[in-house]
Amino acid sequence: MKNISTFFISFLIIGFSFISLSYRTADKEIKSVLKSSNVIEISAEVQSILDSKCIACHSTESDSQKSKMKLNFDKFTNGKYSNGKIVSKLGKIKKQVEKGKMPTEKYLKKNPDKKLTVDESKLLIKWSTEQRAILAGE
Amino acid sequence: MKKWILYLLLATFILIQFYPMSKPAVIKSNPSDLIGNVNVPDNISLLLRSACYDCHSNETNYPWYASLAPLKWWMYNHINEGREELNFSEWDTINKLDKTELLDDIISALEEKEMPLKAYPLTHPKAKLSDVDRQEIIDWAEIHMEELFE
C-alpha cells in the first residue's frame with residue numbers, strides 16, 4: 001500500500017514539473033534586438049508584431065531550446081543565418097502563420113493576448129513573402 | 001490450453017497476411033535524383049544512401065521480412081510518408097524555395113536526432129549516424145543552401 005502511494009505521489013510530482021517546465025517561456029520578458037539589416041528589411045510595424053508576439057520564444061534569450069533551434073530572430077540580423085537559411089525561415093513563417101499554427105495553442109492558453117490578429121497575420125504573410133522573393137532574386 | 005492459444009496466434013498471423021496493402025514501388029533509374037544532379041561529396045552521398053535513401057528515395061532496399069504483416073504495414077506507411085515529405089529521387093524537380101526549406105528540415109531533423117527513426121539503425125547498422133556524420137551532413141546542407149542563392 002505504501003509503495004502504491006509513493007508511486008502515485010512521485011507520478012504527480014513528475015507530472016507537475018513537466019507542466020511547469022513547458023510554461024517557463026511564458027513569464028519571461030525579452031528585449032528586442034531586431035532591426036533591419038542589409039539582408040532583410042523589417043518595418044517598424046512588423047518589428048512590433050515580432051517583438052510582442054514571437055521573440056519571447058524565438059530568440060537567443062528564450063528558455064525554449066526547441067523553439068529557438070527552429071527559428072531564432074536574432075540570427076536574422078547578426079550574420080548567423082545565411083541568406084539561404086533566411087529564405088527558408090521566411091517560407092516557414094509564412095506557412096505557419098497562414099495555417100494559424102503560431103503561436104501554438106498551448107502557449108495561447110496561458111497567454112491569450114499573444115494571439116495574432118487578422119491584420120497582424122496578413123502583415124506577417126506579406127512581409128515574409130516579399131522579403132523571401134527579394135532574397136531569392138525572384 | 002497453451003497449445004490452443006498458440007494455434008490461434010498462428011491462424012491470426014496467417015490470416016493477416018492476406019490483408020491487402022500495396023508495396024511502395026522501387027524505381028532504380030531516377031534522372032532527377034539529388035546525387036546525379038548536384039555535386040554531392042562522396043562521403044555525404046554514402047551517408048545519405050545508407051541512412052536516408054530507404055525511406056527518402058525510390059530506391060528502397062527491402063529486407064526479407066518486408067513482406068510479412070503486421071511488420072509490413074508499419075514499414076510501408078513509413079516509406080510512403082518518408083517519400084512524401086522528402087524524396088531525393090525527385091530532387092531536381094523541386095523548386096529552389098522548397099529545396100531550401102527541405103535542406104533546413106534535414107538540418108533540424110539531424111540536430112534534434114529525429115532522423116533516422118530510432119528503430120531503423122537497429123536493423124540497419126550502417127544507418128547509425130555518429131555525431132561527426134551528422135555534422136558532416138549538416139555542413140553540406142548549409143553549404144548547398146548557400147549555393148542555391150549564388
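A residue is called buried under 20% relative accessible area, exposed over 50%, and partly exposed in between, with a 1.4 Å probe and protein chains only. At 72% relative accessibility, B:Lys118 therefore counts as exposed. B:Lys118 lies in the loop between H6 and helix H7 (120–123) of chain B; helices (H or I, at least four residues) and strands (E, at least two) are DSSP runs, numbered from the N terminus. Between the C-alpha atoms of B:Lys118 and B:Ile138, which are 20 residues apart along the chain, the separation is 19 Å.

The model is predicted, so that local features need pLDDT of at least 70 and side-chain atom pairs count only at pLDDT 80 or more, whereas totals for chains, interfaces and linings use all residues. Residues are numbered from 1 along each chain as its sequence is written, chains are lettered from A and ligands numbered from 1 in the order in which they are written, and side-chain values use heavy atoms, with hydrogens and water left out.

## Nonpolar cores

In soluble globular proteins, nonpolar side chains tend to be buried together. A nonpolar core is here a set of buried Ala, Val, Leu, Ile, Met, Phe, Trp, Tyr and Cys residues joined through side-chain atoms within 4.5 Å. The largest such core has 50 residues, and those with the most contacts inside it are A:Phe76, A:Trp127, B:Leu34, B:Phe88 and B:Trp91. At least two residues of this core come from each of helix H2 (44–53), helix H5 (83–98) and helix H7 (118–136) of chain A, and from each of helix H3 (42–51), helix H6 (96–111) and helix H8 (131–147) of chain B. H6(B) supplies the largest share of this core, six residues. A second, separate core of six residues includes B:Tyr62, B:Met75, B:Tyr76 and B:Ile79.

Contact means heavy atoms within 4.5 Å. Leaving aside neighbours within four places in sequence, B:Phe88 is in contact with residues including B:Leu34, B:Leu48, B:Cys52, B:Tyr53 and B:Ile106. B:His144 is found in helix H8 of chain B and, at 7% relative accessibility, counts as buried. With the same exclusion of neighbours within four places in sequence, B:His144 is in contact with B:Val38, B:Trp91 and B:Leu103.

## The interface of chains A and B

The contact takes 17 residues from chain A and 15 residues from chain B. The two chains bury about 1400 Å² between them, 47% of it on carbon and sulfur atoms; buried area is the accessible area (1.4 Å probe) that two parts lose on being put together, summed over both. On the side of chain A, A:Met69, A:Lys85 and A:Lys92 lose the most area to chain B, together 32% of what that side buries.

Across this interface there are nine residue pairs in polar contact, both residues at pLDDT 80 or more. A polar contact is a pair of N or O atoms within 3.5 Å; within protein, one must be able to donate a hydrogen and the other to accept it, and residues adjacent in sequence count only if both atoms are side-chain atoms. Helix H3 (65–70), H5 and H7 of chain A each give two or more residues to the side that touches chain B, and H5(A) provides the largest share of that side, nine residues.

## Salt bridges

A salt bridge is a side-chain nitrogen of Lys or Arg within 4 Å of a carboxyl oxygen of Asp or Glu. The structure holds 13 salt bridges over all chains, and the count between chain A and chain B is seven.

| Pair | N to O distance |
|---|---|
| B:Asp104 and A:Lys89 | 3.0 Å |
| B:Glu101 and A:Lys95 | 2.7 Å |
| A:Glu130 and A:Lys126 | 3.4 Å |

B:Glu101 lies in helix H6 of chain B and A:Lys95 in helix H5 of chain A, so this pair joins two chains. B:Glu101 is buried, with a relative accessible area of 5%, whereas A:Lys95 is partly exposed at 34%. Both B:Asp104 and A:Lys89 are buried. A network of salt bridges links A:Lys85, A:Lys89, B:Asp104 and B:Glu142.

A:Glu130 and A:Lys126 both lie in helix H7 of chain A, four residues apart, about one turn of the helix. A:Glu130 is partly exposed, with a relative accessible area of 41%.
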